[in-house]
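User: I'd like to go through this one with you, beginning with the aromatic side chains. Could you set out what counts as a pair before we look?

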Amino acid sequence: MPPLFNRRPEIGLPASLPPVALPLAELMARVRQTLTDRFAESYWVVAEIADLTLPRFDGAHCYLVLTDQHTTGRGAQLKAQARATIWSQRYQQLAPAFLEQTGQELRIGIKVMLRVQVKFHEQYGLSLDVVAIDPTYTVGDLARQRLETIRKLEAKDLLERQRRLPLAIGPQRLAVISSPTAAGFQDFMQQLSESAYDFSVALFPASMQGDEAPASIRAALDMIRPQRRTFDVVVIIRGGGAKTDLLAFDDYGLAAAVGSFPIPVLTGIGHERDEAVTDLTAHLSLKTPTAVAAFLTDRLARLDAAFEGYALRIRELAAEQLQDAAVQLRRLTLRTRETAQGKLGLHRTALQQQLRQAREVPHIHLRRQQQHLAAQRRALHRAARQALRQQQGQLRTLGKLLARRFRHLHRRRREQLLRYRYELQLATTRQVHLAELRLASATAYRVPTQEVAAPDTSFQLLDNNNQPLTPDRLRAGTHVRFQLTNDSVVLARIIARLSSTDGRPAAPDLFSQS
């Protein structure tokens, strides 16, 4: 292969033959081959998009012009520029991913980190093929977290929930979350005091910067929540500060607490250019605490002006209606007077006619009353006779019914007495029969008089005290004890005494065993 450059002739040597020229295409082919061998891999580069041509239809490619410009330590400006291409199929993958993770599309002026391959074409020169894009370099880690927080809030409908809450027409009862020593709070109170309206302000102290700020503000919101009916709006304010102080208001927990709060929340965090995530979830975001105070004052001023306009309009309408009513009243008065005079004439004529009729009516009415009274008298006599006949018939019917009822009760009473007599006779017969049975079942003993005191008898009569009984002590109904020869004892009762045939006292004769 001939060299890529022509050598100079050496001094003292004869001139060589004329150099052989290379075709441009061959030279460019050698350059392409050299670059392909030297830069075979892909490389991550950081550059700014200086020019951009987006695809205009499906299947088109995206063309970029990348530049790199920065200042060296000596103050010199270094600049590099290269054309780059994102082929259509790869663009359909990279562009949506970049938009999803950064929240913005590829545009002129943003810095990107690209993975590129070096390409050289004999006709079009040097260019870069974009293989991948790193979105995290564009948004940075904090911006990526902020974007993820916004996506989570949007998925839970917390970005728009506060804006759907109705704000009071004239909010004057304010729950303020701020640091008591913050300059923003002092400016806020100064602005309210200078207004022409009276505000009721309740301060809920909280730390407004640092790592503890989100938890402190959420705690203040939790204190307000039980008292939410006593406030029209919640105001979160703080003074200005460094950009890093705004990171506390990008906290997801704080933004979600603000977005889900039941009454409107206004924010005045104090950053003119930046917007925190909490600002996105609030009902209304204003730049500074003074702007919040001005907004509240202006809202009351507009309400006051509206009321003044309404009052003026009401006065105008009232005056117009009063004037129309006066004209209508005069017209009605005139019409009423004419109508009254006409009706008065008609009534006067009618009254005269009624007076003439009144002279005749009493006589006619009296005759009618007399006729009616005579008819009523005749009807009364007929009704009295008819009622008398009806009462007599009812009395005869009741007499018959009473006699029939008496006979029925007499018969039932007689049957009841007969049944009682039969039951009494039956009970008496039963008792006599039972007594006869008991009498027949009783064991009777006859004791001769001569054997009572005989010493050789087979038994001995004793009383309850085991003393011998004499004949004169024996009576009917007396309980006695028979002591037999075998020393056995039989209890008995005297039921009768037999009379003596020889004139001596009768001895006990019959005993019944107890």
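Analyst: Rings of Phe, Tyr and Trp pair if their centres lie within 6.5 Å, and planes over 60 degrees apart count as edge-to-face. With that in mind, this predicted model holds two aromatic pairs.

User: Which residues form the edge-to-face pair with F39, and what is the geometry?

Analyst: F39 pairs with Y43, at 6.0 Å centre to centre and with 75° between the planes, which is edge-to-face. F39 is partly exposed at 30% relative accessibility, and Y43 is likewise partly exposed, with a relative accessible area of 30%.

User: And F204 with F231, what is the arrangement there?

Analyst: F204 and F231 are also edge-to-face, 6.0 Å from centre to centre with 75° between the planes. F204 belongs to strand β7 (residues 200-205) while F231 is in the loop between α5 (213-224) and β8 (233-237), so the pair ties together parts that are 27 residues apart in sequence.

User: Are F204 and F231 buried or exposed?

Analyst: Both F204 and F231 are buried.

User: Which charged ends sit over rings?

Analyst: The charged end of R38 sits over the ring of F39, at 5.1 Å from the ring centre, and the charged end of K152 sits over the ring of Y252, at 4.1 Å from the centre of that ring.

User: Switching to salt bridges, how many are there in the whole structure?

Analyst: A search of the whole structure gives eight salt bridges. One of them joins the side chains of R32 and E122, at 2.7 Å from N to O. That pair links distant parts of the chain, with R32 in helix α1 (residues 24-38) and E122 in the loop between β4 (111-121) and β5 (125-134), 90 residues apart.

User: How accessible are R32 and E122?

Analyst: R32 counts as partly exposed at 31% relative accessibility, and E122 is partly exposed as well, with a relative accessible area of 28%.

User: What about D157, which residue is its partner?

Analyst: D157 forms a salt bridge with R164, and their closest N and O atoms are 2.5 Å apart. D157 counts as partly exposed at 32% relative accessibility, whereas R164, with a relative accessible area of 52%, is exposed, because the exposed class starts over 50%.

User: And where do E316 and R313 lie?

Analyst: E316 and R313 both lie in helix α8 (residues 289-441), three residues apart, or about one turn of the helix. Their side chains meet in a salt bridge at 3.4 Å, N to O; E316 is partly exposed at 36% relative accessibility, and R313 is partly exposed at 44%.

User: Stepping back, what does the chain hold overall?

Analyst: The chain holds eight helices and 15 strands, and 26% of its 514 residues count as buried. Among contacts with a separation of 6 or more, 58% come from residues 24 or more positions apart.

User: What does the pLDDT average, and where is it below 50?

Analyst: The chain averages a pLDDT of 83, with 84% of the residues scoring at least 70. The pLDDT is below 50 over residues 449-457, a stretch that has seven contacts in the model beyond near neighbours in sequence. Residues 505-511 are also below 50, and that stretch has 37 such contacts in the model. Where pLDDT is low, the predicted coordinates should not be read in detail.

Notes: Residues are numbered from 1 along each chain as its sequence is written. This is a predicted model: local features need pLDDT of at least 70, side-chain atom pairs count only at pLDDT 80 or more; totals for chains, interfaces and linings use all residues. Side-chain values use heavy atoms; hydrogens and water are left out. pLDDT is the predictor's confidence in each residue, from 0 to 100. Contact means heavy atoms within 4.5 Å. Rings of Phe, Tyr and Trp (its six-membered ring) pair if their centres lie within 6.5 Å; planes under 30 degrees apart count as stacked, over 60 as edge-to-face and the rest as tilted. Buried means under 20% relative accessible area, exposed over 50%, partly exposed in between (1.4 Å probe, protein chains only). Helices (H or I, at least four residues) and strands (E, at least two) are DSSP runs, numbered from the N terminus. A charge sits over a ring if NZ of Lys or CZ of Arg is within 6 Å of the ring centre and within 35 degrees of the ring normal. A salt bridge is a side-chain nitrogen of Lys or Arg within 4 Å of a carboxyl oxygen of Asp or Glu.
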